[in-house]
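Student: I have a model open and would like to know what lies behind the words used for it. Can we go through them one by one?

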Amino acid sequence: MGYGLREGEDIPDDPIKWAEQQIEKPAPLTWPGHIPTEKELLDHRAVFVYQDRKVIRKKYKNDRKAYKKAKDQLRYETGERYFKALETVIRQHAAVHGDAPVFERIWHFWCNHFAIAEKDMLDRWNTGVYQREIIRPNMCGNFTDLVKKVTTSWTMIHHLDNSQSVSPNSKWGKYDRKKGKTPSVNENHARELLELHTVSPAAGYTQKDVIALSYIMAGWENPHTDKREECNPVKFNANKHEPGSHKVLGQKFKQRGLSAKSKLIDCIEFLCDHPETPKFICRKLVRHFVCDEPTDAMVQPLVDAWHETKGDLPSVYKALIKVVYDNTGAEKKFLNPETWLLQCVRIGGLNWPPSPEDMEYDFKSKPRQKTREPGFIMRELGHDLIAPSQPNGWPETEAEWMSPELLIRRLAFAKKFANDNEIGLFADYFAIARRNFDAGEDVQKYLKKAKDIDFYSNPKRVGQALFSSEWMLKV
Amino acid sequence: MTVNRREFITGLGSLTLLGSPIFNARAAKLKKKNLVVVMLRGGMDGLTAIQPTDRRMEEVRPDILVTGTKKLTSDFNVHPRLESFLSCWKEGKAAVVHATSIPYTMRSHFDGQNLMESGGHTPYADKTGWLGRGIEASELGSLAVSLPMPLVLRGNLNPDNYYPTWMDMPQSAEMRLINSSYSEGSPLAHTMQRVINRPVSMMQRFDDNDAHLLARVASQELSREDGPRVAVFDIGGFDTHAAQGGEDGEHGERLADYDKVLTALKEGLGDAFDDTLVLTLTEFGRKVEQNGGYGTEHGYGTAILMAGGLLKEAQIYADWPGLKTKHLYERQDLNATIDARSVYCSAMSYCFDVDFKTMKTKAFFGDDLEDLSGRLFKA
């Protein structure tokens, strides 16, 4: 459930306890450099979008070259070419240098479950910090609270267009109609809240449910202002909200107290308590950590833990850890590219990710190649956690990851890692293999074969052979 | 230059190839016809690419009117940067479907691009793409080559994929050794075998950033009888809200990117260009009237540029709605009188030899689309 053992790390006496200790509360990030806050990044975005949309387009309307130059300068000043790489480094540093690899892997799982697709520059400033500030601190509490935080976060609201919703009978909706416009709700967020985040299609909801939920969600927005465009903290705008009560999956939701905000809160609680939600989430967790086609027997302990504790996530993780432990050896999981990469780095003691010095940036010119590299590399490996192409995130199964081109990328990176790093001695790789693999003998034999082939006499090739091997790809 | 390696990495341009392995029984029986889709992201302006001779253009776009256009027909001229397109036209190997669009009028890039790839009606509701479903319907089997798989190609099972990289490729001896660590008969070993069997041209490292190179690799693969049948290019930057310009403007630059891809394809394919269809795809057109920044805002109707020897003739195929305010969609956009999906569905039906009705059902949810094969493609 982690990323393998580093040099000097011993196999824990009690692996279950070792893992359980990591998931009680959020682990601290380990990055020694500056870690920007959501406010800071939203300010950068605000400067970029305001200047781009309202100032330089007009100023340089006649001069394409000057426009391009001004836009590049704006990119540098706002870190548009910088923060994405920094977020990758912050995330990977914790996995490589932290003491809670189990926690980190579960964090990556949630980042992908509540995915933010590459859309409207969200990957440049917003997605990374959303993963750090919205998901990470809330993933060791109750699932319902996590969903509430995610659903009402700036990044998810922008990602799924909820600010656009103006419900037909709201104050603004009536005004729109007077003006001859047809007010409408954007269904994206409601649909994904049902389909991807909570109950899943197994709950049998219909388009009617999606629209009812869109009404309930209407009004939750990133307010627009002249100088900052959409870059303002989330608010509930009652003037866009559909009055009255709405039925989702047979359950009626109506306002409690003074604010109609309660409708969404109640509805999220209902969706999280729906019997399909733990079934869906727990199966996905087991699929992520154990095997592509989990049996009911593997999933049930997690579902039971969920019901017993009303969705207390550390209790679910504990059940998961036990299931992973019980199936170790019997079931193997083809690792996704980032997990595989971090495992190579951790057990191989590779020099990755870059240091705070490498990541220093002056906000005046184009970031150095070295500084941007972490962003490029994840893209080349075909797995950028900050920028999946769709709201359903990256795949969870071997069939979807197993393609010739994606395999080649790993083999090429294995070669690059081995070449870039100073583990010069055959003995080191043999020691790494002994420390990390139960099938030690087979691995040793394989590495010896690598060593004995002429063109492999370079010890770095032994590293390449190890990182590319099935023992590293499938754990 | 927008389609290049560096920018692929930053997400602006990319290339995807798709085809069928020789082992496939159906593929072996059918004449190989290639389908190349060039996605133009950001909203390609059909009125800039293929400009109507209508005097109204001078009124609505006084500062960004394209000069130096070349005549196609008495009603339409082509942008001067579309040189290769024009030379294809002269050979009867280029055509245009004008005043067309996917059925989407809400003017959001993200929703629009999602729909242009999924082929559906509700943004993000469909998790597969029309081309992927079309290939699946053709039972041709496929060799997809992309990283990662673009939405438009999702929906066909077990795709192979390819995309050139700057990384050092492992040598064949290295691969054989690595393969010895993979369990016999496992998907991993099977995938490795496909890598080992690849032609040398697909196992080279590429440092060059040139679009020509990408298009040349694509055309080499497409021209092989047992090679890929489908390629997808991805060109960004058509969202010209400012400094759209005329002849040398930003929009013209992007059209030139497309034209360079077309040049490389034509040269690289050689005779196989005659068995090829190259179609553009965009999320929407742009507003008829220019804006305050000498650019244009998001609109609706646009044009599909078509090239290749499988075209019936050089023609502007359109049910022209007119440019007077009363003819415009919401009084501001060129109207779309042809569902662009009719063109794509016809092209897939024609290139993959699957009857139109089946294709429509499998790739476009049985929507009411028109079979245009007879009008647009060679009999």
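Student: What makes the order of the three strands in the open sheet of chain B, and how do they pair?

Tutor: This is a predicted model, in which local features need pLDDT of at least 70, side-chain atom pairs count only at pLDDT 80 or more, and totals for chains, interfaces and linings use all residues. Residues are numbered from 1 along each chain as its sequence is written, and chains are lettered from A and ligands numbered from 1 in the order in which they are written. The order is β3-β5-β4 in chain B, with antiparallel pairing. Strands are DSSP runs of E, at least two residues long, numbered from the N terminus.

Student: Why are β3(B) and β4(B) called edge strands?

Tutor: Each of them, β3 (50-52) and β4 (70-71), pairs on one side only.

Student: How do you know that β3(B) pairs with β5(B)?

Tutor: Two strands pair if DSSP finds at least two bridges between them. Three bridges join β3(B) to β5 (residues 76-78) of chain B, so the pair qualifies. Within it, Q51(B) stands opposite N77(B).

Student: Why is α2(A) called roughly antiparallel to α3(A)?

Tutor: Helix α2 (residues 38-59) and helix α3 (residues 64-77) of chain A pack at about 160°, with axes 10 Å apart. That angle makes them roughly antiparallel, because the word applies over 145 degrees. The angle is taken between N-to-C directions, from 0 to 180 degrees, with axes fitted to C-alpha atoms over the stretch in contact.

Student: What makes up the contact between α2(A) and α3(A)?

Tutor: F48(A), Q51(A), D52(A) and I56(A) in α2(A) meet Y67(A), A70(A), K71(A) and L74(A) in α3(A). Contact requires C-beta atoms, placed from the backbone, within 7 Å. By class these residues are five nonpolar, one polar and two charged. Ala, Val, Leu, Ile, Met, Phe, Trp, Tyr, Cys and Pro count as nonpolar, Asp, Glu, Lys and Arg as charged, and the others, Gly among them, as polar.

Student: How many residues of chain B touch chain A, and which element gives the most?

Tutor: 45 residues of chain B are in contact with 47 of chain A. α9(B) gives the most, with six residues. The side of chain B has 26 nonpolar, 13 polar and six charged residues.

Student: Where in chain B does pLDDT stay under 50?

Tutor: pLDDT, the predictor's confidence in each residue from 0 to 100, stays under 50 over residues 1-14 of chain B and over residues 19-23 of chain B. Where pLDDT is low, the predicted coordinates should not be read in detail. Chain B averages 85, and 86% of the residues score at least 70.

Terms used
Helices (H or I, at least four residues) and strands (E, at least two) are DSSP runs, numbered from the N terminus. Angles under 35 degrees count as roughly parallel, over 145 as roughly antiparallel, 65 to 115 as roughly perpendicular and the rest as oblique. Two residues are in contact if their C-beta atoms, placed from the backbone, lie within 7 Å.
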